[in-house]
Amino acid sequence: SFGIFMLTQLIPGDPAVELAGGINATPQRIAEVKKELGLDKPLITQYANWAKKAVRLDFGKSLTDKRPVTDSLKNRLPVTGSIVFWAIVFGLAVGVPVGLIAGMRPGSLRDRGAIFGTNLGIAIPNFVLGMLFITLFAVNRKWFPAIGFKRLTDKGFQPWFKSCVLPSLSLSVVVAATMARQLRSSLSDVMLGNYVRTA
């Protein structure tokens, strides 16, 4: 967190000037904004003040809507958690069998196909997969919603699950590819070691 905090200081421009009104901001208004946000203090003091509050899960107020950041995090955590949960489930459900099948026969056609598939899965960006899935399964087939999120507590399991499928699938491809590669590598080492010992 300290490194990221210091890197933000390299961004060109003064945030106080932007928040005070940009090029039309008066020096008095800029000074007020700096004092209000603590930007008039030394960098180490700014970081220490932020860290003290962050440990207590107080991240201040949003600059856009003036609401506490913690409230925004609470609202978004169920969405993120649901998508990540299903991404891991889908990724493991595909990655484990593919890795086992590929690792059982190193150098075989199945192994080469798995290597090609996992390389492709890691190379394609998630947002490209997301747009492809939306086009195929939400726009063309209408199987899943293209936008929106239904909470498990509000609408029940099926609407919640359907709202998670497309984003989770696009994230799960990397999980599946990584898991398959690791399993394939470990298993093929074992299989090749057994082959060498028996030979």
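The discussion below takes up the terms one at a time.

Analyst: This is a predicted model, in which local features need pLDDT of at least 70, side-chain atom pairs count only at pLDDT 80 or more, and totals for chains, interfaces and linings use all residues. Residues are numbered from 1 along each chain as its sequence is written, and side-chain values use heavy atoms, with hydrogens and water left out.

User: What makes up the secondary structure of the protein chain?

Analyst: The protein chain has 9 helices and 0 strands. Helices (H or I, at least four residues) and strands (E, at least two) are DSSP runs, numbered from the N terminus. Read from that end, the order is α-α-α-α-α-α-α-α-α.

User: Why is the protein chain called more spread out than a compact globule?

Analyst: The radius of gyration is taken over C-alpha atoms, and the globule rule is 2.2 Å times the number of residues to the power 0.38. For 199 residues the rule gives 16 Å, whereas the protein chain has 25 Å, well over that value, so it is described as more spread out than a compact globule. Along the principal axes, the C-alpha trace spans about 80 × 45 × 35 Å.

User: How many salt bridges does a search of the whole structure find?

Analyst: The search finds 2 salt bridges. The term requires a side-chain nitrogen of Lys or Arg within 4 Å of a carboxyl oxygen of Asp or Glu.

User: What makes R29 and E32 a salt bridge?

Analyst: The closest N and O atoms of R29 and E32 are 3.2 Å apart, and the limit is 4 Å, so the pair qualifies. Both residues lie in helix α3 (residues 27-37), 3 residues apart, which is about one turn of the helix.

User: Why is R29 called partly exposed?

Analyst: Buried means under 20% relative accessible area, exposed means over 50%, and partly exposed lies in between (1.4 Å probe, protein chains only). R29 has 33% relative accessibility and therefore counts as partly exposed. E32, at 45%, is likewise partly exposed.

User: How do you know that R184 and D111 form a salt bridge?

Analyst: Their closest N and O atoms are 2.6 Å apart, and the cut-off is 4 Å, so this pair also meets the definition.

User: Where do the two residues R184 and D111 of that salt bridge lie?

Analyst: R184 of the salt bridge with D111 lies in helix α9 (residues 157-198), and D111 lies in helix α6 (residues 109-123). The two are 73 residues apart, and the pair links distant parts of the chain.

User: Is D111 buried or exposed?

Analyst: D111 has a relative accessible area of 1% and is therefore buried. R184, at 22%, is partly exposed. In the protein chain of 199 residues, 23% count as buried.

User: Why is A114 called buried?

Analyst: A114, in helix α6, has a relative accessible area of 15%, so it counts as buried. Contact means heavy atoms within 4.5 Å. A114 touches V98 and A102, not counting residues up to four places away in sequence. A114 and R181 are 67 residues apart in sequence, and their C-alpha atoms are 8.3 Å apart in space.

User: What percentage of contacts between residues at least 6 apart in sequence join residues at least 24 apart?

Analyst: For the protein chain, that percentage is 61%.

User: Why is K142 called exposed?

Analyst: K142 has a relative accessible area of 64%, so it is exposed. K142 lies in the loop between α7 (126-140) and α8 (152-155), and phi of K142 is near 60°, again a positive value in a residue other than glycine.

User: Is E36 buried or exposed?

Analyst: E36, found in helix α3, has a relative accessible area of 58% and is therefore exposed. E36 and F144 are 108 residues apart in sequence and 46 Å apart in space, C-alpha to C-alpha.

User: Why is P159 called partly exposed?

Analyst: P159 belongs to helix α9. The relative accessible area of P159 is 29%, so the residue is partly exposed. The C-alpha atoms of P159 and F144, 15 residues apart along the chain, are separated by 9.2 Å.
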